[in-house]
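Subject: Structure handover

Dear colleague,

I am passing on the structure we spoke about, and below it I have set out what was found when its atoms were examined. Please read the notes with the structure open beside you.

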Amino acid sequence: MIIDLRQVALTYQSPDGEVEALRDISFGMEEGEFVSIVGPSGCGKSTLLSVIAGLETPTGGTVTVDGEPVTAPSPKVGFMPQRDHLFEWRTIWSNVTLGLQIRHTNTPKEQAHVHTLLDRYGLAEFVGKRPSQLSGGMRQRCALIRTLASDPCILLLDEPFSALDYQTRLTVSADIYDIIRQEHKTALLVTHDIAEAISLSDRILVLSARPAVIRSIHSLDALQGLSPLERRDTPAFHTVFNAVWKELNADV
Ligand code: ADP
Ligand code: MG
(Lines give C-alpha, C1' and ligand atoms only; values in the text may rest on other atoms or scores of the structure.)
(Ligands and ions follow the chains in the order given, each with its own letter.)
Protein backbone atom coordinates (compact mmCIF):
# COMPACT_ATOMS: atom_id res chain seq x y z
CA MET A 1 0.00 0.00 0.00
CA ILE A 2 1.55 3.30 -1.06
CA ILE A 3 -0.95 5.42 0.88
CA ASP A 4 -2.56 4.07 4.03
CA LEU A 5 -5.00 5.96 6.25
CA ARG A 6 -6.26 4.35 9.44
CA GLN A 7 -9.14 5.93 11.34
CA VAL A 8 -7.97 9.41 10.44
CA ALA A 9 -9.74 12.27 12.17
CA LEU A 10 -9.14 16.00 12.00
CA THR A 11 -10.84 18.73 13.99
CA TYR A 12 -9.77 22.33 13.30
CA GLN A 13 -9.52 24.72 16.22
CA SER A 14 -10.75 28.11 15.08
CA PRO A 15 -11.68 31.32 16.95
CA ASP A 16 -15.36 30.41 16.48
CA GLY A 17 -14.85 26.96 18.00
CA GLU A 18 -14.09 23.52 16.71
CA VAL A 19 -14.73 22.42 13.14
CA GLU A 20 -14.76 18.67 12.74
CA ALA A 21 -13.63 18.05 9.15
CA LEU A 22 -12.67 14.35 9.00
CA ARG A 23 -14.01 11.45 11.02
CA ASP A 24 -12.81 7.86 10.98
CA ILE A 25 -11.33 7.78 7.46
CA SER A 26 -9.72 4.41 6.70
CA PHE A 27 -8.57 3.87 3.17
CA GLY A 28 -5.58 2.59 1.19
CA MET A 29 -4.19 3.02 -2.29
CA GLU A 30 -2.00 0.68 -4.30
CA GLU A 31 0.94 1.99 -6.28
CA GLY A 32 -0.14 3.20 -9.73
CA GLU A 33 -3.79 3.51 -8.77
CA PHE A 34 -5.91 6.51 -9.78
CA VAL A 35 -8.58 7.36 -7.22
CA SER A 36 -11.04 10.26 -7.28
CA ILE A 37 -12.68 11.84 -4.27
CA VAL A 38 -16.11 13.41 -4.59
CA GLY A 39 -18.16 14.96 -1.81
CA PRO A 40 -20.30 17.99 -0.96
CA SER A 41 -18.62 21.38 -0.92
CA GLY A 42 -16.90 22.06 2.41
CA CYS A 43 -17.00 18.42 3.53
CA GLY A 44 -13.25 17.97 4.02
CA LYS A 45 -11.82 16.91 0.64
CA SER A 46 -8.95 19.44 0.60
CA THR A 47 -8.33 18.67 4.26
CA LEU A 48 -7.89 15.01 3.38
CA LEU A 49 -5.29 15.87 0.72
CA SER A 50 -3.51 18.21 3.16
CA VAL A 51 -3.22 15.40 5.67
CA ILE A 52 -1.67 13.06 3.07
CA ALA A 53 0.64 15.87 1.90
CA GLY A 54 1.85 16.40 5.47
CA LEU A 55 0.49 19.97 5.56
CA GLU A 56 -2.04 19.26 8.32
CA THR A 57 -1.58 16.92 11.26
CA PRO A 58 -4.54 14.66 11.97
CA THR A 59 -6.02 14.84 15.45
CA GLY A 60 -6.60 11.09 15.36
CA GLY A 61 -5.47 7.99 13.49
CA THR A 62 -2.40 7.36 11.36
CA VAL A 63 -1.28 8.20 7.83
CA THR A 64 1.57 6.43 6.08
CA VAL A 65 3.04 7.10 2.64
CA ASP A 66 5.25 4.39 1.15
CA GLY A 67 5.35 2.69 4.56
CA GLU A 68 6.50 5.74 6.52
CA PRO A 69 4.38 7.84 8.90
CA VAL A 70 3.66 11.28 7.45
CA THR A 71 5.04 14.03 9.70
CA ALA A 72 5.95 16.76 7.17
CA PRO A 73 5.74 17.39 3.41
CA SER A 74 7.79 14.83 1.49
CA PRO A 75 9.34 14.96 -2.00
CA LYS A 76 7.51 11.71 -2.70
CA VAL A 77 4.24 13.62 -2.78
CA GLY A 78 3.46 16.25 -5.42
CA PHE A 79 0.56 18.64 -5.01
CA MET A 80 -1.33 20.30 -7.85
CA PRO A 81 -3.72 22.97 -6.63
CA GLN A 82 -6.99 24.24 -8.07
CA ARG A 83 -5.50 27.29 -9.80
CA ASP A 84 -2.38 26.78 -11.87
CA HIS A 85 -0.38 29.42 -9.91
CA LEU A 86 1.91 30.13 -12.84
CA PHE A 87 3.70 33.46 -12.35
CA GLU A 88 3.25 35.88 -15.23
CA TRP A 89 6.59 37.59 -14.66
CA ARG A 90 8.42 34.31 -15.12
CA THR A 91 8.91 32.40 -18.37
CA ILE A 92 7.42 28.93 -18.73
CA TRP A 93 10.85 27.43 -18.11
CA SER A 94 11.35 29.41 -14.95
CA ASN A 95 7.82 28.50 -13.81
CA VAL A 96 8.19 24.76 -14.32
CA THR A 97 11.56 24.69 -12.54
CA LEU A 98 10.36 26.88 -9.65
CA GLY A 99 10.05 23.96 -7.23
CA LEU A 100 13.57 22.79 -8.08
CA GLN A 101 14.92 26.30 -7.47
CA ILE A 102 13.16 26.56 -4.11
CA ARG A 103 14.50 23.18 -3.00
CA HIS A 104 17.97 23.92 -4.42
CA THR A 105 17.78 20.78 -6.55
CA ASN A 106 18.02 22.61 -9.86
CA THR A 107 20.81 20.33 -11.10
CA PRO A 108 21.64 19.45 -14.74
CA LYS A 109 20.06 16.02 -14.19
CA GLU A 110 16.80 17.52 -12.89
CA GLN A 111 16.79 20.08 -15.70
CA ALA A 112 17.23 17.32 -18.29
CA HIS A 113 14.23 15.56 -16.76
CA VAL A 114 12.11 18.72 -17.10
CA HIS A 115 13.26 19.16 -20.71
CA THR A 116 12.19 15.58 -21.45
CA LEU A 117 8.76 16.21 -19.93
CA LEU A 118 8.28 19.48 -21.85
CA ASP A 119 9.32 17.74 -25.06
CA ARG A 120 7.17 14.70 -24.50
CA TYR A 121 4.08 16.77 -23.76
CA GLY A 122 4.40 19.33 -26.54
CA LEU A 123 5.64 22.36 -24.62
CA ALA A 124 9.31 22.46 -25.62
CA GLU A 125 8.88 25.36 -28.02
CA PHE A 126 7.10 27.47 -25.39
CA VAL A 127 9.84 27.55 -22.72
CA GLY A 128 10.61 31.22 -23.39
CA LYS A 129 6.96 32.35 -23.39
CA ARG A 130 4.90 33.87 -20.57
CA PRO A 131 1.90 32.02 -19.08
CA SER A 132 -0.60 34.46 -20.68
CA GLN A 133 0.66 33.42 -24.13
CA LEU A 134 -0.54 29.84 -23.53
CA SER A 135 -4.03 28.32 -23.72
CA GLY A 136 -5.78 27.16 -20.53
CA GLY A 137 -5.00 23.56 -21.40
CA MET A 138 -1.32 24.22 -21.95
CA ARG A 139 -1.09 26.13 -18.66
CA GLN A 140 -2.58 23.11 -16.88
CA ARG A 141 0.02 20.87 -18.54
CA CYS A 142 2.75 23.27 -17.35
CA ALA A 143 1.39 23.13 -13.81
CA LEU A 144 1.49 19.34 -13.96
CA ILE A 145 5.03 19.31 -15.34
CA ARG A 146 6.10 21.64 -12.53
CA THR A 147 4.64 19.11 -10.07
CA LEU A 148 6.34 16.22 -11.90
CA ALA A 149 9.71 18.03 -12.06
CA SER A 150 10.80 16.75 -8.65
CA ASP A 151 9.69 13.23 -9.65
CA PRO A 152 7.15 12.52 -6.87
CA CYS A 153 5.61 9.03 -6.90
CA ILE A 154 2.25 10.33 -5.67
CA LEU A 155 0.23 13.18 -7.15
CA LEU A 156 -2.48 14.94 -5.20
CA LEU A 157 -4.75 17.00 -7.47
CA ASP A 158 -7.23 19.40 -5.90
CA GLU A 159 -9.95 20.25 -8.45
CA PRO A 160 -7.28 21.00 -11.07
CA PHE A 161 -9.73 21.45 -13.95
CA SER A 162 -12.43 23.55 -12.31
CA ALA A 163 -11.22 26.85 -13.81
CA LEU A 164 -11.52 25.50 -17.37
CA ASP A 165 -14.66 25.66 -19.51
CA TYR A 166 -16.47 22.38 -20.20
CA GLN A 167 -15.00 21.54 -23.64
CA THR A 168 -11.45 22.41 -22.59
CA ARG A 169 -11.89 20.42 -19.39
CA LEU A 170 -12.78 17.26 -21.36
CA THR A 171 -9.64 17.37 -23.48
CA VAL A 172 -7.31 18.65 -20.76
CA SER A 173 -8.42 16.03 -18.24
CA ALA A 174 -7.89 13.27 -20.85
CA ASP A 175 -4.50 14.78 -21.59
CA ILE A 176 -3.46 14.97 -17.94
CA TYR A 177 -4.78 11.42 -17.44
CA ASP A 178 -2.45 10.16 -20.22
CA ILE A 179 0.53 11.94 -18.67
CA ILE A 180 -0.14 10.53 -15.20
CA ARG A 181 -0.55 6.98 -16.56
CA GLN A 182 2.54 7.21 -18.79
CA GLU A 183 4.67 8.49 -15.92
CA HIS A 184 3.36 5.60 -13.73
CA LYS A 185 2.20 7.87 -10.92
CA THR A 186 -0.25 7.12 -8.15
CA ALA A 187 -2.93 9.82 -8.31
CA LEU A 188 -5.57 11.09 -5.92
CA LEU A 189 -7.90 13.62 -7.54
CA VAL A 190 -10.51 15.79 -5.84
CA THR A 191 -13.30 16.83 -8.18
CA HIS A 192 -16.89 18.02 -7.94
CA ASP A 193 -17.58 16.52 -11.37
CA ILE A 194 -18.91 12.95 -11.11
CA ALA A 195 -18.47 12.33 -14.85
CA GLU A 196 -14.84 13.40 -14.61
CA ALA A 197 -14.26 11.06 -11.66
CA ILE A 198 -15.74 8.11 -13.55
CA SER A 199 -13.90 8.83 -16.78
CA LEU A 200 -10.47 9.07 -15.12
CA SER A 201 -10.28 6.73 -12.13
CA ASP A 202 -9.88 3.14 -11.00
CA ARG A 203 -11.98 3.84 -7.91
CA ILE A 204 -14.18 6.63 -6.58
CA LEU A 205 -14.39 7.56 -2.94
CA VAL A 206 -17.67 9.28 -2.02
CA LEU A 207 -17.54 11.41 1.12
CA SER A 208 -20.48 12.55 3.22
CA ALA A 209 -21.21 16.13 4.24
CA ARG A 210 -18.94 17.46 7.03
CA PRO A 211 -17.56 15.83 9.05
CA ALA A 212 -16.47 13.70 6.10
CA VAL A 213 -16.86 9.98 6.54
CA ILE A 214 -16.51 7.53 3.66
CA ARG A 215 -20.01 6.99 2.33
CA SER A 216 -18.98 4.45 -0.32
CA ILE A 217 -16.19 3.31 -2.60
CA HIS A 218 -16.99 2.48 -6.23
CA SER A 219 -14.66 0.24 -8.18
CA LEU A 220 -14.55 0.96 -11.92
CA ASP A 221 -13.11 -2.38 -13.07
CA ALA A 222 -15.79 -2.63 -15.77
CA LEU A 223 -14.32 0.46 -17.47
CA GLN A 224 -10.67 -0.53 -17.34
CA GLY A 225 -8.78 -0.25 -20.63
CA LEU A 226 -11.13 2.41 -22.02
CA SER A 227 -9.99 5.98 -22.56
CA PRO A 228 -11.69 8.78 -20.57
CA LEU A 229 -13.81 9.74 -23.59
CA GLU A 230 -14.75 6.14 -24.48
CA ARG A 231 -15.91 5.56 -20.93
CA ARG A 232 -18.58 8.24 -21.21
CA ASP A 233 -20.39 6.16 -23.85
CA THR A 234 -20.87 2.99 -21.79
CA PRO A 235 -23.86 1.71 -19.74
CA ALA A 236 -21.52 1.18 -16.74
CA PHE A 237 -20.71 4.90 -16.79
CA HIS A 238 -24.36 5.84 -16.38
CA THR A 239 -24.98 3.23 -13.70
CA VAL A 240 -22.12 4.54 -11.55
CA PHE A 241 -23.08 8.15 -12.27
CA ASN A 242 -26.62 7.61 -10.96
CA ALA A 243 -25.43 5.75 -7.88
CA VAL A 244 -22.88 8.43 -6.94
CA TRP A 245 -25.33 11.25 -7.69
CA LYS A 246 -27.90 9.70 -5.31
CA GLU A 247 -25.29 9.33 -2.57
CA LEU A 248 -24.16 12.93 -2.93
CA ASN A 249 -27.70 14.20 -2.70
CA ALA A 250 -28.69 12.00 0.23
CA ASP A 251 -27.48 14.70 2.64
CA VAL A 252 -29.37 17.57 1.08
P1 ADP B 1 -13.68 20.88 0.74
O2 ADP B 1 -12.33 20.86 0.13
O3 ADP B 1 -14.36 19.55 0.76
O4 ADP B 1 -14.57 21.92 0.14
P5 ADP B 1 -12.20 21.68 3.14
O6 ADP B 1 -11.41 20.48 3.44
O7 ADP B 1 -11.52 22.82 2.51
O8 ADP B 1 -13.51 21.28 2.31
O9 ADP B 1 -12.83 22.22 4.51
C10 ADP B 1 -13.61 21.39 5.36
C11 ADP B 1 -14.16 22.23 6.50
O12 ADP B 1 -13.10 22.65 7.33
C13 ADP B 1 -14.87 23.49 6.03
O14 ADP B 1 -15.97 23.70 6.88
C15 ADP B 1 -13.84 24.56 6.19
O16 ADP B 1 -14.43 25.82 6.44
C17 ADP B 1 -13.08 24.07 7.42
N18 ADP B 1 -11.67 24.49 7.40
C19 ADP B 1 -10.76 24.28 6.40
N20 ADP B 1 -9.55 24.75 6.75
C21 ADP B 1 -9.69 25.26 8.00
C22 ADP B 1 -8.79 25.91 8.93
N23 ADP B 1 -7.50 26.06 8.62
N24 ADP B 1 -9.29 26.31 10.13
C25 ADP B 1 -10.58 26.13 10.44
N26 ADP B 1 -11.48 25.52 9.62
C27 ADP B 1 -11.05 25.10 8.42
MG1 MG C 1 -11.50 22.01 -1.41
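A nonpolar core, in the sense used here, is a set of buried Ala, Val, Leu, Ile, Met, Phe, Trp, Tyr and Cys residues joined through side-chain atoms within 4.5 Å. Please keep in mind throughout that this is a predicted model.

With that definition, the largest nonpolar core has 33 residues, and the members that touch the most others are V96, V114, L123, L144, I145, L157 and I180. Two or more residues are given to this core by each of α2 (92–96), α4 (108–120), α5 (136–148), β7 (154–158), α6 (166–182) and β8 (186–190), and the largest share, six residues, is that of α5. Apart from this core lies another, of 28 residues, which has L22, V35, L205 and A212 among its members. In soluble globular proteins, nonpolar side chains tend to be buried together.

Next, the ligand. Around ligand 1 are the residues Y12, V19, S41, G42, C43, G44, K45, S46, T47 and R210, and by type this shell divides into three nonpolar, five polar and two charged residues. Helix α1 (residues 45–53) provides the largest share of the shell, three residues. Oxygen atoms of ligand 1 lie 3.0 Å from a backbone N or O atom of G44 and 2.8 Å from a backbone N or O atom of K45, while a side-chain N or O atom of R210 is 3.4 Å from an oxygen atom of the ligand. On its own, ligand 1 has 560 Å² of accessible area, of which the protein covers 63%.

Helix α1 is itself largely enclosed by the rest of the structure, because eight of its nine residues are buried; these are K45, T47, L48, L49, S50, V51, I52 and A53. The helix is followed by G54, which has a positive phi, near 80°.

P211 is found in the loop between β9 (203–207) and β10 (214–219). As background, most residues other than glycine have a negative phi, and most peptide bonds are trans. Two further residues, neither of them glycine, have a positive phi: Q7, near 45°, and H184, near 55°. Q7 is placed in strand β1 (residues 3–14) and is exposed because its relative accessible area of 53% lies over 50%. H184, in the loop between α6 and β8, also counts as exposed, at 66% relative accessibility.

Two partly exposed residues complete the account. T116, in helix α4, has a relative accessibility of 35% and therefore counts as partly exposed; a polar atom of its side chain lies 2.8 Å from the backbone oxygen of A112. From T116 to V240 the separation is 124 residues in sequence and 37 Å in space, C-alpha to C-alpha. R130 is placed in the loop between α4 and α5 and is partly exposed, with a relative accessible area of 31%. Not counting residues up to four places away in sequence, R130 touches E88, W89, R90, T91 and I92, and a polar atom of its side chain lies 2.5 Å from the backbone oxygen of W89. R130 and A163 are 33 residues apart in sequence and 19 Å apart in space, C-alpha to C-alpha.

With best wishes

Key. Residues are numbered from 1 along each chain as its sequence is written. Chains are lettered from A and ligands numbered from 1 in the order in which they are written. This is a predicted model: local features need pLDDT of at least 70, side-chain atom pairs count only at pLDDT 80 or more; totals for chains, interfaces and linings use all residues. Side-chain values use heavy atoms; hydrogens and water are left out. Buried means under 20% relative accessible area, exposed over 50%, partly exposed in between (1.4 Å probe, protein chains only). Helices (H or I, at least four residues) and strands (E, at least two) are DSSP runs, numbered from the N terminus. A residue is near a molecule or strand if one of its heavy atoms lies within 4 Å of it. A polar contact is a pair of N or O atoms within 3.5 Å; within protein, one must be able to donate a hydrogen and the other to accept it, and residues adjacent in sequence count only if both atoms are side-chain atoms. Accessible areas come from the Shrake-Rupley method with a 1.4 Å probe; for residues, only the protein chains shown count as cover. Ala, Val, Leu, Ile, Met, Phe, Trp, Tyr, Cys and Pro count as nonpolar, Asp, Glu, Lys and Arg as charged, and the others, Gly among them, as polar. Contact means heavy atoms within 4.5 Å.
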